[in-house]
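Trainee: I am new to this structure and would like a close look at one part of it. Could you pick a place to start and then show me what surrounds it?

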Amino acid sequence: QVQLVESGGGLVQAGGSLRLSCAASGSIFSINVMSWYRQTPGKQRELVASITSRDITNYADSLKGRFAISRDNAKNTVFLQMNSLKPEDTAVYYCYAVLLTDSQRPRNYWGQGLRVTVST
């Protein structure tokens, strides 16, 4: 079985920074892409950033420049560095991964969500 374990969320004042982590564990052959999504009440879950196995990154246009996604391939971990945080960044952040298991079968997984609160 594969699990995505998220950490690093919490409460921060506007203008501050947080670094989210998501570690994938289990019978993993390779990870094709890892992403961060976020969701607030009344809104659909939206893509924040993604990174491929080739370190190709993609960001929501409104977040590019403030957020940075990276990965540690040796640890099957993806990070989201969030700087200059704004109250509107308050959301539940979800890690998402597309990977190959040891049987080389493509699978996708979601983390359980990590709350980020940015105070005024």
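Mentor: Let's start at aspartate 55, which lies in the loop between S5 and strand S6 (57-59). Strands here are DSSP runs of E with at least two residues, while helices are runs of H or I with at least four, and both are numbered from the N terminus. Although aspartate 55 is not a glycine, it has a positive phi of about 65 degrees. Its relative accessibility is 44%, so aspartate 55 counts as partly exposed; buried means under 20% relative accessible area, exposed means over 50%, and partly exposed lies in between, with a 1.4 Å probe and protein chains only.

Before we go on, a word on what you are looking at. This is a predicted model, in which local features need pLDDT of at least 70 and side-chain atom pairs count only at pLDDT 80 or more, whereas totals for chains, interfaces and linings use all residues. Residues are numbered from 1 along each chain as its sequence is written, and side-chain values use heavy atoms, leaving out hydrogens and water. The chain averages a pLDDT of 95, and 100% of the residues score at least 70; pLDDT is the predictor's confidence in each residue, from 0 to 100. Confidence in the chain is highest in strand S8 (residues 77-82), at a mean of 98, and lowest in strand S10 (residues 106-110), at 94.

Serine 50 sits in strand S5 (residues 46-52). With a relative accessibility of 12%, serine 50 counts as buried. Leaving aside residues up to four places away in sequence, serine 50 touches Val33, Met34, Ser35, Ile56, Thr57, Asn58 and Ile69, where contact means heavy atoms within 4.5 Å.

At 41% relative accessibility, serine 84 counts as partly exposed.

Now let's look inside. The largest nonpolar core has 31 residues, and Trp36, Leu80, Met82 and Tyr93 are those with the most contacts inside it. The elements that give two or more residues to this core are S3, strand S4 (28-39), S5, strand S7 (67-72), S8, S9 and S11. S9 provides the largest share of this core, 5 residues. By a nonpolar core I mean a set of buried Ala, Val, Leu, Ile, Met, Phe, Trp, Tyr and Cys residues joined through side-chain atoms within 4.5 Å. In soluble globular proteins, nonpolar side chains tend to be buried together. Tyrosine 93 has a list of contacts that includes Trp36, Leu80 and Met82, not counting residues up to four places away in sequence.

The structure holds 1 disulfide, a pair of cysteine sulfur atoms within 2.5 Å. The disulfide joins cysteine 22 to cysteine 95, with an S to S distance of 2.1 Å. Cysteine 22 lies in strand S3 (residues 18-25) and cysteine 95 in strand S9, so the pair ties together parts that are 73 residues apart in sequence. Both cysteine 22 and cysteine 95 are buried.

Strand S9 (residues 91-101) pairs with S11 in the antiparallel sense over 3 bridges, and two strands pair if DSSP finds at least two bridges between them. Alanine 91 stands opposite valine 116 in S11. In strand S11 (residues 114-119), Leu114, Val116 and Val118 form a covered face, while Arg115, Thr117 and Ser119 form an uncovered one. In a regular strand the side chains alternate between the two faces of the sheet. Strand S2 (residues 10-13) runs parallel to S11, joined by 4 bridges, and valine 12 stands opposite valine 118 there.

Finally, the aromatic rings. The structure holds 4 aromatic pairs. The rings of tyrosine 37 and tyrosine 96 have centres 5.9 Å apart and planes at 85 degrees, so this pair is edge-to-face. Rings of Phe, Tyr and Trp (its six-membered ring) pair if their centres lie within 6.5 Å; planes under 30 degrees apart count as stacked, over 60 as edge-to-face and the rest as tilted. One aromatic cluster is formed by Tyr37, Tyr94, Tyr96 and Trp110.
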